[in-house]
Amino acid sequence: MAKARERGPSGLLVVNKPAGMTSHDVVSKIRWIAGTRRVGHAGTLDPAATGVLVLGLNKATKLLTYLVGQDKTYEARLVLGAATLTEDAEGELTGIARAEAVRGLTREKIENAVRSLTGDIMQVPSAVSAIKVKGVRSYARVRDGEDIELPARKVTIHEVAIHEVRDSELDTRLYTVAEGLDIPACVPVVEVDITVSCSSGTYIRAFARDVGKALGVGGHLSALNRIRVGNVYQREALDLAELMKERENADGPLDLPVLSLEEAARRLFNVRQLSTQEATDISYGRRITVSEEGSDVLALDTQSPESQHANTEGITAAFAPDGTLVALIENVKFRGTRCAAPVLVFEAGIDFSREAGERL
């Protein structure tokens, strides 16, 4: 019996998430636009945030765990001189700095504070996050009135570019103010526009909080735009509103310009070209000999204990002679012998020695 093929495209779709929508909202829209239920996303963006949201369709959903673990780049605006419960502009104001302290902020002081938070650091995640505490999301516990402080995690801030530092005023009437906090309608703040490149698991809200804390004035995030996830960039992103309009005017699901499963794998991993027999063996879950190039390299566990996502270290995308992505493989030791073993198989149970039309 011929192997059944999935309906609809398999690949990655890069969408420019608009403000005001959750990442799940975008997934729901794309399910309708593409006509498939198998859609997932690689890394949540807060509703107020915009930018790159990478979606996986059908077989490509299996790649999302690797994309989530990729480095990312953000454009952000920090507000120094005012702290909020959620560490962004959505939460209630919990404190403001003295006007004299805010006016005393200089670019040099801000640069020094940012520099102290660059590199490998221990960061306490935002309490209003999706991290689970005893099975319950942290943000849900905060909303229920619990005082939550999550343990610090190791993250890496690769680079921070400061583009502009300017004096400004915060209209506190646009915020909910914490009970018992008596503040004027407008307070002086300093706004800082930056670009941050960082490891997976870094909270830019927490970074804004920590810069404000280092300067002794408090701080929060007022704008966030993700411009890169791994080797996927915002310039490749599709406009969701335009896709919605096209779908509404179409007779059925759209033929979306996805990044194919094969091309996505080539961007994420090192590549190995298999022989016909090797492709067949891997397809059936069997181990094969290591390649001549890098045959002495074994998979290493380079993830921190806190990481929830797979990374690409030691993983290779294995392609059949006809260009089909067969599986992800890694070099391991089995009974004292180096070999390459399948980690994730995309084309299972196929004899690649047969003609394409006769595959079982």
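**Entry 1. A charge over a ring**

I began with a definition: a charge sits over a ring if NZ of Lys or CZ of Arg is within 6 Å of the ring centre and within 35 degrees of the ring normal. With this rule I looked up Arg266, which lies over the face of Phe319, at 4.0 Å from the ring centre. I noted also Arg235, whose charged end sits over the ring of Tyr233, 4.4 Å from the centre.

**Entry 2. Conditions of reading**

I recorded that the model is predicted: local features need pLDDT of at least 70 and side-chain atom pairs count only at pLDDT 80 or more, while totals for chains, interfaces and linings use all residues. Residues are numbered from 1 along each chain as its sequence is written, and side-chain values use heavy atoms, with hydrogens and water left out.

**Entry 3. The whole protein**

I found nine helices and 19 strands in the protein. Helices (H or I, at least four residues) and strands (E, at least two) are DSSP runs, numbered from the N terminus. Of the 360 residues, 46% count as buried. I took buried to mean under 20% relative accessible area, exposed over 50%, and partly exposed in between (1.4 Å probe, protein chains only). I then turned to contacts, defined as heavy atoms within 4.5 Å. Among the contacts with a separation of 6 or more, 72% come from residues 24 or more positions apart.

**Entry 4. The aromatic pair**

How many aromatic pairs does a search of the whole structure find? I found one. The rings of Tyr66 and Phe269 have their centres 5.3 Å apart and their planes at 80°, so the pair is edge-to-face. The rule is that rings of Phe, Tyr and Trp (its six-membered ring) pair if their centres lie within 6.5 Å; planes under 30 degrees apart count as stacked, over 60 as edge-to-face, and the rest as tilted. The pair links distant parts of the chain, for Tyr66 is in helix H2 (residues 64-68) and Phe269 is in the loop between helix H8 (261-268) and strand E16 (270-273), 203 residues apart. Tyr66 is buried at a relative accessible area of 7%, and Phe269 is buried at 6%.

**Entry 5. Two nonpolar cores**

I defined a nonpolar core as a set of buried Ala, Val, Leu, Ile, Met, Phe, Trp, Tyr and Cys residues joined through side-chain atoms within 4.5 Å. The largest has 31 residues, and those with the most contacts inside it are Leu80, Ile194, Phe207 and Val211. The elements giving two or more residues to this core are strand E4 (72-80), helix H4 (107-116), strand E10 (153-171), E11, helix H6 (204-215) and strand E12 (219-229). Beyond its neighbours within four places in sequence, I saw Val211 in contact with Leu78, Leu80, Ala113, Val114 and Leu117. A second, separate core of 27 residues includes Leu259, Phe269, Leu325 and Leu344.

**Entry 6. Glu191**

Is Glu191 buried or exposed? Glu191 counts as buried because its relative accessibility is 17%. I located Glu191 in strand E11 (residues 186-198). Residues up to four places away in sequence aside, Glu191 touches Arg77, Leu78, Val79, Glu164, Val165, Arg166 and Ser168.

**Entry 7. Helix H7**

In helix H7 (residues 240-248) I found Leu240, Leu243, Met244 and Arg247 buried. Seen down the axis of H7, the buried residues fall within an arc of 100°, so they line one face of the helix. The arc is that of the directions from the helix axis to the C-beta atoms. An α-helix has 3.6 residues a turn, so residues three or four places apart point the same way. On the other side of H7, Ala241, Glu242 and Lys245 are exposed. The buried residues of H7 pack against strand E1 (11-17), helix H1 (23-34) and strand E14 (238-239).

**Entry 8. Cys339**

I placed Cys339 in strand E19 (residues 337-345), and Cys339 is buried at a relative accessible area of 8%. The C-alpha atoms of Cys339 and Val290 are separated by 5.0 Å, although the two residues are 49 apart along the chain.

**Entry 9. Positive phi**

Most residues other than glycine have a negative phi. I noted that Glu87, not a glycine, has a positive phi of about 65°. Glu87 lies in the loop between strand E5 (82-84) and strand E6 (93-96) and is buried at 8% relative accessible area. Arg335 also has a positive phi, near 55°. Arg335 is found in the loop between strand E18 (325-334) and E19 and counts as exposed at 76% relative accessibility.
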